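Please look over the sequence and the model before reading on.

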Amino acid sequence: MRTVYVDNAATTRVSDEVFEAMTPFLKEEFGNPSSIYALSRPPKIAIEKAREKVAVALGAQPAEIFFTGCGTESDNWAIKAVARQQAVRGKRHIVTSAFEHHAVLHTVEALKREGFEVTFLPVYENGVVRVEDVKKAIRPDTALVTIMYANNEIGTVMPVAEIGAVCREHKVIFHTDAVQAIGNLPIHVAEQNIDMLSLSAHKFGGPKGVGALYCRKGVVLPPYLDGGAQERGKRGGTENVAGIVGLGVAIESAVAHMEEKQNKLTPMRDRLVSELLNIPHTRLNGDQERRLCGVLNISFEGIEGESLLLMLDMRGISASSGSACTSGSLDPSHVLLAIGLTHGVAHGSLRISLGLDNTDEDVDYILETVPPVVKQLRNMSPIWEDIVAGRGEAVLK
């Protein structure tokens, strides 16, 4: 049976060059980088080289990069630290969007319990935040605007530079969760008016358990973890040297191969969309143009997404119905509800996220497999039976 992995938005395979770069720091170069003897120097130097690579990839300065344990931690640090620091100045209002990753949504919900007020901007049917909505939402007491760079479930890309310009005009700090954007879209934090940015290594060929936070010089960043002088006193704890080295190599490689990735995956993505939409009563979720090169999300009316994923898995296809962080939930995707889908349609959705390892033969196999599986599931669905019999009305045409 053919095996096809198309869930790269959930996680990616560690590349060979990343693995080889990490290995010495798991074996020979195991010294604690905070120590002063000779064995600690190579790890310390390796961390700073990785910091430089991340800075170059983002158009930032090395001193503006802080290593973390994951993208979720980076989001938490940026949002909570800035909000609490701004609250001292009487600013207790946060602006975000209705379909952020839960690393952001749960963080602002936690701040609401501390007395902060949060405005959740709509994302409309195309799944894109409108710049004018951001401008209208900003108030004199706005502490922070946090809008993701690209959505993890439907792949739509936000007008980040324009949003950043609005925030800069109103002297409001702008944070973006760029976990899905690294290696897929060109990023330059200074040119795009980004004050803070979160990323995670395992989304672009690096290891799990390591991320980074960019914080523009001049933005006050309180410590996240007390207990040591690591990360210039901002995040105590012995550094994950191998992981940080892997992140540095991975981000450098991802940026270097970004154009190659776009040129390869865009036609594959478009062919999948075109062919899968030939199945009756389906729809592409999100804007057709403003989207990541390898991500598509399609809803099939009359089926359950969980059943679809299980049947595809039995045929060797690893895909998703949404965010990996909420895969254990039976609730419909908050992202799909935010763009206006009904609960029933949102439940029957499939996310395919391609990577450089995927081939045209993988696309062929998906297109051979998905239509008969959808047909089989619909034949077992009482909802679909009602639609066919005219007892129920189809939502998707």
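## A sheet and its helices

Helix H12 (residues 360–379) lies across S9, S10 and S12. H12 runs at about 25° to S10. Helices (H or I, at least four residues) and strands (E, at least two) are DSSP runs, numbered from the N terminus. Axes are lines fitted to C-alpha atoms, for helices over the stretch in contact, and angles run from 0 to 180 degrees between N-to-C directions.

This is a predicted model, in which local features need pLDDT of at least 70 and side-chain atom pairs count only at pLDDT 80 or more, while totals for chains, interfaces and linings use all residues. Residues are numbered from 1 along each chain as its sequence is written, and side-chain values use heavy atoms, leaving out hydrogens and water.

The sheet itself is open and has 3 strands, in the order S9-S10-S12. Its pairing is antiparallel. Strands pair if DSSP finds at least two bridges between them. S9 (282–284) and S12 (349–353) stand at the edges with a single partner strand each, so one side of each has no neighbour in the sheet. From one strand to the next, the twist averages 20°.

S10 (residues 295–300) is joined to S12 by 5 bridges. In this antiparallel pair, Val 295 stands opposite Ser 353 of S12. Helix H8 (residues 258–276) also packs on the sheet. H8 touches S9, S10 and S12 (contact means heavy atoms within 4.5 Å). The direction of H8 makes about 10° with that of S10.

## Cysteines

How many disulfides does a search of the whole structure find? The search finds 0, taking a disulfide as a pair of cysteine sulfur atoms within 2.5 Å. For Cys 167, the nearest cysteine sulfur is that of Cys 215, 15 Å away. That is too far for a bond.

Buried means under 20% relative accessible area, exposed over 50%, partly exposed in between (1.4 Å probe, protein chains only).

| Residue | Relative accessible area | Class |
|---|---|---|
| Cys 167 | 0% | buried |
| Cys 215 | 5% | buried |
| Asn 151 | 0% | buried |

## Asn 151

Where is Asn 151 placed? Asn 151 sits in the loop between strand S5 (142–146) and helix H6 (160–169). The Asn 151 side chain reaches the backbone nitrogen of Ile 154 at 3.0 Å. Not counting residues up to four places away in sequence, Asn 151 touches Phe 99, Thr 156, Gln 180, Leu 292 and Val 335.

Terms used: A polar contact is a pair of N or O atoms within 3.5 Å; within protein, one must be able to donate a hydrogen and the other to accept it, and residues adjacent in sequence count only if both atoms are side-chain atoms.
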